[in-house]
Amino acid sequence: MYKVDHFINGKSSSESNKTSKIYNPSYGTEIGEVLCATNEVADKAVESAYEASKAWSKTGLIYRSELILKFRQNVINRSKEIIDLGISEAGKTRPDAEAELDRAVQALTHIAGVQHFYPSHYSQNVAGGIDIADLRFPIGVVVGVGPFNFPILIPLLHSAMALVTGNTYIGKPSEKVPSVSRLYADIWKESGLPDGCYNVVNGDKETVEFLVRHEKVDGLAFIGSTAAAKSLKMLGVEHNTKVQALGGAKNHMIVLPDADLDMSADAAVSASFGAAGQRCMAVSVVVAVGDIADELLDKIKERMPNLIMGVTDDDKTQLGPVISPENKDRIYSFINSAEPDGATLVVDGRIRSNSLEGCFVGPTLIDNVKPGMAVYENEIFGPVLSFVRAKTYDEAMKITNSNNFGNGAALFTRDGGVAKKWSDEIQAGSVGINVPIPLPTYAHSFGGWKDSAFSETKGFGPSAIEFYTKTKSLSTRWPDPADSKVDLGFPRNDN
Ligand code: NAD
């Protein structure tokens, strides 16, 4: 049993009046506890970040980039610890935790190159000898709040982007998986980051809301469920805190009649059951177009018994547990609703998972799913694949684009013309043609449409810089004093 504390102004802090239990989802057993911050503790973290920002915001871009590179190397040096925490706290399989760390290191490589995407506009001689420059500044104190499913990548993406752009940072990791964020605090310190620049405050919804309301907090980078993302965006507007909030998903994979069905079935199984369906880019709905539906369904079904389900400290495991007993119960309740709602339970995963001790849900396949059913309308966030039948491309698109979520979508086809039309028409933020999980690399934009994001900016790509910075436009003129006169008219741009 271990205890995860806070990290404020370069030191560990154990102040709290309540704790939250940490479980190993593979076994359903308690392995530790995390302290939950009181408002006084959260306030100390804000004061520390606010004070540190006075000097940190004035450091040079290259200095900050090089510090990111030192941190990156130290993260690589601590890979084993980080991966082991992903396996024990988040119930990740080893390959999944390793791949998440790889992505995180790639994010740091990109972020260290900030000078390539930092420049802002400059216009010379726009009127009457006036030059205008957009000057970029850090926004100040940024809070980063993450979900349980990417404890390695998301806290690092938020904190490194905030720090490299001259902000100071307070992380509030998911209370289910707090240890990696806390470990990063030690690694930042050992990399030479000044005290107060990276803080960790553990807690729950109340802590997050306290931070967003705080007058010295300037930004919230949030990734989590849609309900929380939406309410935090609204709270941010009320308190003039800049909020980038990425939410939940229901990603559709449309398979056209000309697609290679074996390849499509492999992709559907990999993208819906990988990470036990707990990825925001997981495929949770397959839409089969035309008369391929029966054959595609059979091909998906025949692949499912081969998935090795088990505890994630066994390296043979491909399909691990879901995060908690509550999430397991919630997923079971969706499976329970399928047949009463008129769908067909083709593979009932509960048959595999009922006898297991940990938080397991066996891979589940539900046919004849239609809009309006609970399994279709809600994000299940577990290894449950809904199979929808559409007669035509137009019907498949009408269904997909009518769904409230728009995080990602995929199309499987060999027809380039239809693929082009689809990529123009699909209403989602990250879309893939024969790519089932189209999570882009960091130089490209990432963030959903519709109810999958409440944000004017994207999570990565050039647009991310707009969240972590603010600009002021500077107008400069060097006139001849001999031409100076009083003129009460509104400035005109005549010459
Ligand atoms: P969650 O919303 O329950 O929790 C996320 C974080 O927000 C946690 O740190 C939690 O303590 C805090 N929180 C929860 N409710 C809150 C509220 N009402 N107000 C303020 N803070 C709150 O999400 P989760 O269950 O940890 O993660 C799964 C969700 O995250 C899924 O919906 C998934 O799609 C989404 N997700 C989205 C992306 C993306 O890029 N769009 C990436 C990963 C996960």
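This briefing walks through the domains, the ligand shell, the sheets and a helix pair of the structure above. Please keep in mind that the model is predicted. The protein is divided into domain 1, which covers 2–247 + 452–474, and domain 2, which covers 251–433. Both domains give residues to the shell around the ligand, so the ligand lies between them.

**Domains and their contact**

- Domain 1 brings 17 residues to the contact, and domain 2 brings 22 residues.
- On the side of domain 1 that touches domain 2, seven residues are nonpolar, six are polar and four are charged.

**Around the ligand**

- The ligand has 29 residues around it, and P147, G224, S225, G248 and C280 come nearest.
- Two helices, α7 (205–213) and α8 (226–239), each supply at least two residues of this shell.
- Sorted by class, the shell holds twelve nonpolar, eleven polar and six charged residues.

**The seven-stranded sheet**

- Seven strands make up an open sheet with mixed pairing, and their order is β15-β16-β17-β14-β13-β19-β20.
- At the edges stand β15 (344–347) and β20 (430–433); each has a single partner strand, so one side of each is left without a neighbour in the sheet.
- From one strand to the next, the twist averages 20°.
- Helix α11 (residues 325–338) packs on this sheet and touches β15, β16 (364–367) and β17 (384–390). The direction of α11 makes about 35° with that of β17.
- Strands β13 (residues 251–255) and β19 (residues 408–412) run parallel and are joined by four bridges.
- Within this pair, M253 stands opposite A410 in β19.

**The three-stranded sheet**

- Another open sheet has three strands in the order β6-β7-β23, and the pairing is antiparallel.
- Here β6 (122–127) and β23 (469–476) are the edge strands; each has a single partner strand, so one side of each lacks a neighbour in the sheet.
- With direction ignored, neighbouring strands of this sheet are turned by 30° against each other on average.
- Eight bridges link β7 (residues 130–138) with β23 in the antiparallel sense.
- I132 stands opposite S475 in β23.

**Strand β5 and its partners**

- Strand β5 (residues 29–36) pairs with β1 (residues 2–4) in the parallel sense over three bridges. In this pairing V4 stands opposite V34 in β5.
- β5 is also joined to β4 (residues 18–24), by seven bridges, and these two strands run antiparallel. The bridge partner of K18 is C36 in β5.
- β4 and β5 form a hairpin with four residues between them. In the turn, G28 has a positive phi of about 70°.

**A helix pair**

- The axes of helix α2 (residues 61–77) and helix α5 (residues 153–164) come within 9 Å and cross at roughly 155°.
- Angles over 145 degrees count as roughly antiparallel, and that makes α2 roughly antiparallel to α5.
- R64, S65 and I68 in α2 meet A160, L163 and V164 in α5.
- By class, this contact of α2 with α5 has four nonpolar residues, one polar residue and one charged residue.

Technical notes. Residues numbered from 1 in each chain as written. Predicted model: local features only at pLDDT ≥ 70, side-chain atom pairs only at ≥ 80, totals over all residues. Near = placed C-beta within 6 Å. Nonpolar A, V, L, I, M, F, W, Y, C, P; charged D, E, K, R; others polar. Domains from an automatic or database assignment. Pairing = 2+ DSSP bridges. Axes fitted to C-alpha atoms, helices over the stretch in contact; angles between N-to-C directions. Contact = placed C-beta atoms within 7 Å. Parallel < 35°, antiparallel > 145°, perpendicular 65-115°, else oblique.
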